[in-house]
Amino acid sequence: MKSTPMSLIAGVVALAAVTGLAALTGPGEEAPVQAKAAARLPVERTSLLCPEPSTSDLAETTYTSFTPAGKGGGAAGAAELKPAEPLPADEDAPADEEKDDADKDADEQKDDAEKEKAPDGKPVVSLKELGEPATAETSRSDAPALVGTATGRLAPGWTAQQTTTAAAGGARGLLGVSCTAPDTDFWFPGASTGATRQDYVHLTNPDDTAAVADIELYGAEGPLESAVGEGVTVPARSSVPMLISTLTGEAAENVTVHVTTRTGRVGAVVSAAEDKVGSDWLAASADPAGTQVLPGIPADATSVRLVAFAPGEDDADVKIQLLGSNGPLAPAGNATLHIKSQMTTSVDLKDVTRGEPGSLRLSPADGGTTPVVAALRVVRGTGAKQEVAFIPATGPVGERASVADNRAKGSVLSLTAPGGTAEVKVTASAGSEGGEATVKTYTVKGGTTTEVTPETPPGLKGGYALTVETESGGPVHAARTLTIAEGGVGMFTVQTLPDDGGTVEVPAVEQDLSVLDD
């Protein structure tokens, strides 16, 4: 019997679509493999992790799951977000015979409470259709982290958004975060161990075996002494939030947090709450690079602080440019920034946008290529009506990127072309409860930022998603700002839109197996 070349090609394609890798080795010397030009095919499996939302009794959280239409294929698949399993009991706890009656009663009450909170295996959000968001809501102060997987046609471009509204209290604010893919390395410039901040780093493990993570902290003078952050165990399919200020005895207003794993992988994100200012999530910066783009600074920002870090052995000198509606310009008095190696550097840019939406571009000032990571702390409003959000450096939209949980009012999209002029297509999806998708094309001039209010989908009911696709030129970087008025305060959150990774490069393989006759 003879095997056809097509059967081998199908096997390689299936392997690459799931893992992103394809082996180009033949079964023997008699069956040579010839590599052709690579093709891009839709991925068949995607994982996302959502952190534990606010612990405030006044908070309300919305989860939104979405996969854009147009790139899926293969089996129908599923996309579900399920509660992470509770942490296991403390194995070092004293045995029952060592406890008094009061301790035993307390343990019984704790066990009953844990049973009430324990996940039942049912998904919190289950996505059924391409191009139509699925949502769920909770007001539980003990809501767990979520672990999600999308397969088949729902995997390419799958995104999930967690949005929490906390109307009052120390954690007041609009806290938004795009649920993250598991990884082994994260950088968070813009965190703090200062007295006015309560910052937690949330580590979520999606796998069936424990992960071990290290958390390093860097202040303005270099590494902050911390032994507690070494060898942090994150149990299987569980989440561990850690108050950053308890990891070190040093108080620092601006801190860079570096999370790596020794074994396994985690999703990582930082929640930041600032007294009298508000709270939001700080997502990880794009990987260290010589040039970074931070899109989506609101036009009415009253305070903008840039926090940057050079993780390598060399210092970095970067040029700071504000990309506004009319082109790039240097912020007054802050045209360049010197970043010492492994020391967190910050600069107060004040109301840098001055009434126009903008984005920041950091690039080497000396022609070098020293990599950096960066983030912005952005404040809108004044006095008792201040509200804070964070914008990390982000990669370009690339082929396609999406952001979920947009509302009929309050969603603004920022598009930045740091290089050449680009044309992008923006699709506003059908609503989670009804409506029709709408599409519009925008031209973004090189070196500028264009802010647009998306067209509301006709007949919209519920929330909708935005998908940005690069049509020509570029690259383009994007961010969505969601604003909700609560108690006279314009609470807001900003999410960036890096490429969704919905396709993977698959080497085309052709192999002649005619020599392998039975």
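Q: How much accessible surface does the protein chain have, and what share of that belongs to carbon and sulfur atoms?
A: Keep in mind that this is a predicted model. The protein chain's accessible surface comes to about 22,600 Å². The part that belongs to carbon and sulfur atoms is 49%.

Q: How many helices and how many strands make up the secondary structure of the protein chain?
A: Strands turn up again and again below, for instance β11 at residues 185–191 and β27 at residues 373–380. For the protein chain, the tally is two helices and 38 strands.

Q: What share of the contacts with a separation of 6 or more is between residues 24 or more positions apart?
A: Contact here means heavy atoms within 4.5 Å. Take the protein chain's contacts with a separation of 6 or more, then pick out those between residues 24 or more positions apart. Their share is 82%.

Q: Is the Trp 187 and Phe 309 ring pair stacked, edge-to-face or tilted?
A: Ring centres within 6.5 Å make a pair, and planes under 30 degrees apart would be stacked while over 60 would be edge-to-face. The count by this rule is three aromatic pairs. For Trp 187 and Phe 309 the centres are 5.5 Å apart and the planes sit at 35°, so the pair is tilted.

Q: How many residues apart in the chain are Trp 187 and Phe 309?
A: Trp 187 belongs to strand β11, and Phe 309 belongs to strand β21 (residues 301–309). The pair links distant parts of the chain, with a separation of 122 residues.

Q: Which strand holds Tyr 218, the residue whose ring also pairs with that of Phe 309?
A: Tyr 218 and Phe 309 have ring centres 4.8 Å apart and planes at 45°, which is another tilted pair. The two residues are 91 apart in sequence, so this pair also ties together separate parts of the chain. Phe 309 is in β21, and Tyr 218 is in β13.

Q: Which residues do the ring pairs link into a cluster, and are they buried or exposed?
A: Ring pairs link Trp 187, Tyr 218 and Phe 309 into a cluster. Relative accessible area is 9% for Trp 187, 9% for Tyr 218 and 1% for Phe 309. With a cut-off of under 20%, Trp 187, Tyr 218 and Phe 309 are buried.

Q: Over which ring does the charged end of Arg 380 sit?
A: Arg 380 is in strand β27 and is buried, at 16% relative accessible area. Its side chain also makes a polar contact of 2.9 Å with that of Asp 300. The charged end lies 4.8 Å from the centre of the ring of Phe 492.

Q: Where is Lys 276, which has a positive phi without being a glycine?
A: Phi of Lys 276 is about 65°. Lys 276 counts as exposed, with 78% relative accessibility. Its place is the loop between β18 and β19.

Q: What is phi of Arg 354?
A: Arg 354 is in the loop between β25 and β26 and counts as exposed at 66% relative accessibility. Arg 354 isn't a glycine, yet its phi is positive, near 50°.

Technical notes:
Residues numbered from 1 in each chain as written. Predicted model: local features only at pLDDT ≥ 70, side-chain atom pairs only at ≥ 80, totals over all residues. Heavy atoms only, no water. Phe/Tyr/Trp six-rings, centres within 6.5 Å; stacked < 30°, edge-to-face > 60°. Helix = DSSP H or I, 4+ residues; strand = E, 2+ residues; numbered from the N terminus. Buried < 20%, exposed > 50% of the residue type's maximum accessible area, 1.4 Å probe, protein only. Lys NZ or Arg CZ within 6 Å of the ring centre and 35° of its normal. Polar contact = N/O pair within 3.5 Å; in protein donor to acceptor, adjacent residues only side chain to side chain. Areas by Shrake-Rupley, 256 points an atom, 1.4 Å probe, with all protein chains shown as cover.
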